[in-house]
Amino acid sequence: AAIGGHPIARYNLCIEEEEKGKYDRAMKHLIIAAALGHDASLNALMDGLVSKKDFAAALRAHQAAIDATKSPQREAAEKARKD
């Protein structure tokens, strides 16, 4: 699932790698999950776990992923769901 681009799978791999003490690999998975639009991963990166340069790149990619999911139909459905 992680190879297929599933952000939660990447986040879970981060947790597993961190438990094994492989912090560099864990951060790579966290950055990829954030770049795929996973909010919890982005929030974790805000804790200063990576360099400012890596965080900025992840933030830009995260925003691009979020923007890519926006459409008038989705916004109308979200509005209808809230009403």
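Close-up 1. Glu-78 pairs with Arg-81 in a salt bridge, with 2.7 Å between the closest N and O atoms. A salt bridge here is a side-chain nitrogen of Lys or Arg within 4 Å of a carboxyl oxygen of Asp or Glu. This is a predicted model: local features need pLDDT of at least 70, side-chain atom pairs count only at pLDDT 80 or more, and totals for chains, interfaces and linings use all residues. Residues are numbered from 1 along each chain as its sequence is written, and side-chain values use heavy atoms, with hydrogens and water left out. Glu-78 and Arg-81 lie 3 residues apart in helix 5 (residues 72–82), so about one helical turn separates them. Helices are DSSP runs (H or I, at least four residues), numbered from the N terminus. Glu-78 also forms a salt bridge with Lys-82, with the closest N and O atoms 3.9 Å apart. Here the spacing is 4 residues in helix 5, again about one helical turn. Glu-78 is partly exposed at 33% relative accessibility. Arg-81 is exposed at 60%, and Lys-82 is exposed at 63%. The classes are buried (under 20% relative accessible area), exposed (over 50%) and partly exposed (in between), with a 1.4 Å probe and protein chains only.

**Close-up 2. The salt bridge of Glu-17 and Arg-25.** The side chains of Glu-17 and Arg-25 meet at 3.4 Å, N to O. Glu-17 is buried, with a relative accessible area of 7%. Arg-25 is partly exposed, at 46%. The salt-bridge count for the model comes to 3.

**Close-up 3. Packing of helix 2 on helix 4.** Two packed helices are described by the angle between their axes and the distance between the axes. For helix 2 (residues 23–35) and helix 4 (residues 52–68), the angle is about 35° and the axes are 7 Å apart. Axes are lines fitted to C-alpha atoms over the stretch in contact, and angles run from 0 to 180 degrees between N-to-C directions. Helix 2 brings Ile-31, Ala-34 and Ala-35 to the contact, and helix 4 brings Asp-54, Ala-58, Ala-61, His-62 and Ala-65. Contact means heavy atoms within 4.5 Å. By class, the residues are 6 nonpolar, 1 polar and 1 charged. Ala, Val, Leu, Ile, Met, Phe, Trp, Tyr, Cys and Pro count as nonpolar, Asp, Glu, Lys and Arg as charged, and the others, Gly among them, as polar.

**Close-up 4. His-62 and its partner Asp-39.** His-62 sits in helix 4. It is buried, with a relative accessible area of 6%. Its side chain makes a polar contact with the side chain of Asp-39 at 2.9 Å. A polar contact is a pair of N or O atoms within 3.5 Å; within protein, one must be able to donate a hydrogen and the other to accept it, and residues adjacent in sequence count only if both atoms are side-chain atoms. Asp-39 belongs to helix 3 (residues 39–45) and is partly exposed, at 46% relative accessibility. Beyond four places in sequence, His-62 touches Ala-34, Ala-35, Gly-37, His-38, Asp-39 and Leu-42.

**Close-up 5. The largest nonpolar core.** This core has 10 residues: Cys-14, Ala-26, Met-27, Leu-30, Ala-34, Leu-42, Ala-44, Leu-45, Val-50 and Ala-58. Helix 2 gives the most, with 4 residues. A nonpolar core is a set of buried Ala, Val, Leu, Ile, Met, Phe, Trp, Tyr and Cys residues joined through side-chain atoms within 4.5 Å.

Note on methods:
Helices (H or I, at least four residues) and strands (E, at least two) are DSSP runs, numbered from the N terminus.
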